[in-house]
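Hi,

Here's the structure I said I'd pass along. Have a look at it first, and then read on for what turned up.

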Amino acid sequence: CCLLLALTLLVPRDAASRKCDLQGLWRNELGSNMTVLATNTAGTFSGSYHTAVAATNKQILVSPLQGVQQHPGAKRHPTFGFTVQWQFSDSTTAFVGQCFVDHRGKEMLETMWLLREEVLSHKDTWKATRVGTSIFTRVK
Ligand code: BTN
C-alpha cells in the first residue's frame, strides 16, 4: 500500500487528463471576453459576454449568457452549450463546444456558434444566420 501511495505522490499527473472547469474569465481569437460563473449541480451556469466585434453599428454592451454543461463534476472534457442574449442587437447567438486540456495543462474551449439575426420577413431567412468556430483560452 505504501509503494502505491508513494507512486501516486511521485508520478506527476498527466496534465491532459486534468478536469476542465468552465468557471472563469475566457478570451477568444477575436478578443471577446466571457465570464462564466460557477456551474450548479444540475450543470446549468450563467455569465456575461463582452464581444469585441458586432454585425451592427450599435454600441457594444456586455450581455448575459445562460448555459448548460453535460455530466457536471464527472467528465474531464465536458461538452456544453450556451446562448447569449445581446443587449444591443436583436440577434441571438448559440454556442456549443467542448473543454480540452493540452499536454501543458492549458485549458481551451473549442466551440462552434450560430448567430441568428432578426429579419423582417421569412423571405430573408436565407441570409439571417451566420456560423463560425471559436477557441477560448483562460485569462483568469
Ligand atoms: C450582433 O452583432 O448582432 C451581436 C454581437 C455578435 C457577436 C458575434 S457572436 C459570434 C462571434 N464571436 C464573438 O466573440 N463575437 C461574434
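First off, this is a predicted model. It holds one disulfide, which joins C20 to C99 with an S to S distance of 1.7 Å. The link of C20 and C99 is left-handed, at -60 degrees about the S-S bond. C20 sits in the loop between helix 1 (2-10) and strand 1 (24-28), while C99 belongs to strand 6 (residues 92-101), so the bond ties together parts that are 79 residues apart in sequence. Both C20 and C99 are buried.

- the backbone nitrogen of D21, which the E107 side chain reaches at 3.3 Å
- the side chain of R138, with a polar contact at 2.5 Å

Setting aside neighbours within four places in sequence, E107 is in contact with K19, C20, D21, W26, F100, V101, F136, T137 and R138.

H71 has a positive phi of about 45 degrees, although it is not a glycine. Most residues other than glycine have a negative phi. As for accessibility, H71 counts as partly exposed, at 41% relative accessibility.

Cheers

Terms used: Residues numbered from 1 in each chain as written. Predicted model: local features only at pLDDT ≥ 70, side-chain atom pairs only at ≥ 80, totals over all residues. Heavy atoms only, no water. Disulfide = S-S within 2.5 Å. Helix = DSSP H or I, 4+ residues; strand = E, 2+ residues; numbered from the N terminus. Buried < 20%, exposed > 50% of the residue type's maximum accessible area, 1.4 Å probe, protein only. Polar contact = N/O pair within 3.5 Å; in protein donor to acceptor, adjacent residues only side chain to side chain. Contact = heavy atoms within 4.5 Å.
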